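The following note sets out several points for a colleague who has the model open.

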Amino acid sequence: MTPEKLRSLYGAVSPAAAAKVIARFDHHCRDFIENATFLVMATTNGQTLDVSPKGDPAGFVTVESDSTLLIPDRPGNNRIDGLMNILANPQVALIFLIPTVGETLRVNGRAEILDDPEICARFQVNGRSPKTVTRVTAEKILTHCGKAPIRAGLWKPEGWPAERPVATLSDMIRDHANGTVEVVDDATMQAIYQKTLY
């Protein structure tokens with residue numbers, strides 16, 4: 001495959017798609033980010049790639065300025081793959097989602113990790129501050145059409161599975177780790193989730 005062949009297969013970029021890329025958070029972008037409850041962050045160390053989901057109530061990401069965002073890092077599994085990647089290579093890509101909204105917002109830019117106590121304290125929940133906050137300086141911002149979520153039926157409850165269609169995380173970890181780590185049952189895992197969300 002070549003760039004020329006690929007472009008011939010897909011045709012020219014539509015004028016609207018080409019014109020919608022901006023580098024500043026206007027009122028539409030700010031509204032989208034303020035209502036988003038979920039985002040995915042892609043990072044790279046220059047050799048490998050990682051994607052990390054992040055979610056909180058609407059407004060959990062702060063638009064700090066016309067070109068910068070602040071994203072709190074909530075407790076997880078402490079792998080910190082994405083944060084380590086940012087130290088090696090600051091390029092990141094984000095995609096924001098709002099439940100029931102088909103369109104998404106994409107942001108590409110450069111990230112830095114902050115541990116300033118005053119900044120972290122701005123993102124306290126239940127009296128607990130995140131250990132770090134990631135500042136992203138946007139280089140490219142664009143809205144993305146809703147075709148993929150529509151095709152997936154992402155926001156149509158009538159298309160959702162009636163029961164969980166895959167194994168529990170506990171079962172997956174048990175099988176993937178080949179018995180090398182102690183695994184709790186799913187009820188305990190759900191209780192841990194609730195206890196360690198923040």
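1. The side chains of Arg 74 and Asp 56 form a salt bridge, with an N to O distance of 2.7 Å. This pair connects distant parts of the chain, 18 residues apart: Arg 74 belongs to the loop between S4 and helix H4 (81–88), and Asp 56 to the loop between S2 and S3. Both partners are buried, Arg 74 with a relative accessible area of 18% and Asp 56 with one of 10%. The model is a predicted one, and the distances quoted in this note should be read accordingly.

2. As for the overall architecture, the protein has eight helices and seven strands. Its C-alpha atoms fill a box of roughly 55 × 45 × 35 Å along the principal axes. Of the 198 residues, 29% are buried.

3. The seven strands form an open sheet in the order S2-S1-S5-S6-S7-S4-S3, with antiparallel pairing. Strand S2 (49–55) and strand S3 (62–63) are the edge strands; each has a single partner strand, so one side of each has no neighbour in the sheet.

4. Strand S5 (residues 91–97) pairs with strand S1 (residues 38–44) in the antiparallel sense over six bridges, and Leu 39 has Phe 96 of S5 as its bridge partner. S5 also pairs with strand S6 (residues 104–114), again antiparallel and over six bridges; here Gln 91 has Arg 110 of S6 as its bridge partner.

5. Which residue in the turn of the hairpin formed by S5 and S6 has a positive phi? The residue is Thr 100, with a phi of about 80 degrees, and six residues separate the two strands of this hairpin. Thr 100 is exposed, at 65% relative accessibility. Asn 126 likewise has a positive phi, near 55 degrees, although it is not a glycine. Asn 126 sits in the loop between helix H5 (117–121) and strand S7 (133–144) and is exposed at 70% relative accessibility.

6. Thr 44, in strand S1, is buried at 16% relative accessibility. A polar atom of the Thr 44 side chain lies 2.9 Å from the backbone nitrogen of Gly 46. The side chain of Thr 44 also reaches the backbone oxygen of Thr 48, at 2.8 Å.

7. The salt bridges in the model number eight. In one of them, the side chains of Glu 112 and Arg 135 meet at 3.3 Å, N to O. That pair links distant parts of the chain, with Glu 112 in strand S6 and Arg 135 in strand S7, 23 residues apart. Glu 112 is partly exposed at 38% relative accessibility, whereas Arg 135 is buried at 18%.

8. Another salt bridge joins the side chains of Asp 171 and Arg 174 at 2.9 Å, N to O. Both residues belong to helix H7 (residues 169–177), and they are three residues apart, about one turn of the helix. Asp 171 is partly exposed at 29% relative accessibility, as is Arg 174, with a relative accessible area of 44%. Elsewhere, salt bridges with shared partners join Glu 64, Glu 112 and Arg 135 into one network.

9. How many disulfides does the model contain? The count is zero. For Cys 145, the closest cysteine sulfur is that of Cys 29, 16 Å away, which is too far for a bond. Cys 145 is partly exposed, with a relative accessible area of 36%, whereas Cys 120 is buried at 4% relative accessibility.

10. Lastly, the surface carries a nonpolar patch of about 520 Å², made by Met 1, Leu 6, Leu 9 and Tyr 10. Of these residues, Leu 9 is placed in helix H1 (residues 3–10) and is exposed at 55% relative accessibility.

Notes. Residues are numbered from 1 along each chain as its sequence is written. Side-chain values use heavy atoms; hydrogens and water are left out. A disulfide is a pair of cysteine sulfur atoms within 2.5 Å. Buried means under 20% relative accessible area, exposed over 50%, partly exposed in between (1.4 Å probe, protein chains only). Two strands pair if DSSP finds at least two bridges between them. Helices (H or I, at least four residues) and strands (E, at least two) are DSSP runs, numbered from the N terminus. Patches are made of residues with over 30% relative accessible area and no salt bridge: like charges are joined within 9 Å, nonpolar side chains (Val, Leu, Ile, Met, Phe, Trp, Tyr) within 5 Å. Accessible areas come from the Shrake-Rupley method with a 1.4 Å probe; for residues, only the protein chains shown count as cover. A salt bridge is a side-chain nitrogen of Lys or Arg within 4 Å of a carboxyl oxygen of Asp or Glu. A polar contact is a pair of N or O atoms within 3.5 Å; within protein, one must be able to donate a hydrogen and the other to accept it, and residues adjacent in sequence count only if both atoms are side-chain atoms.
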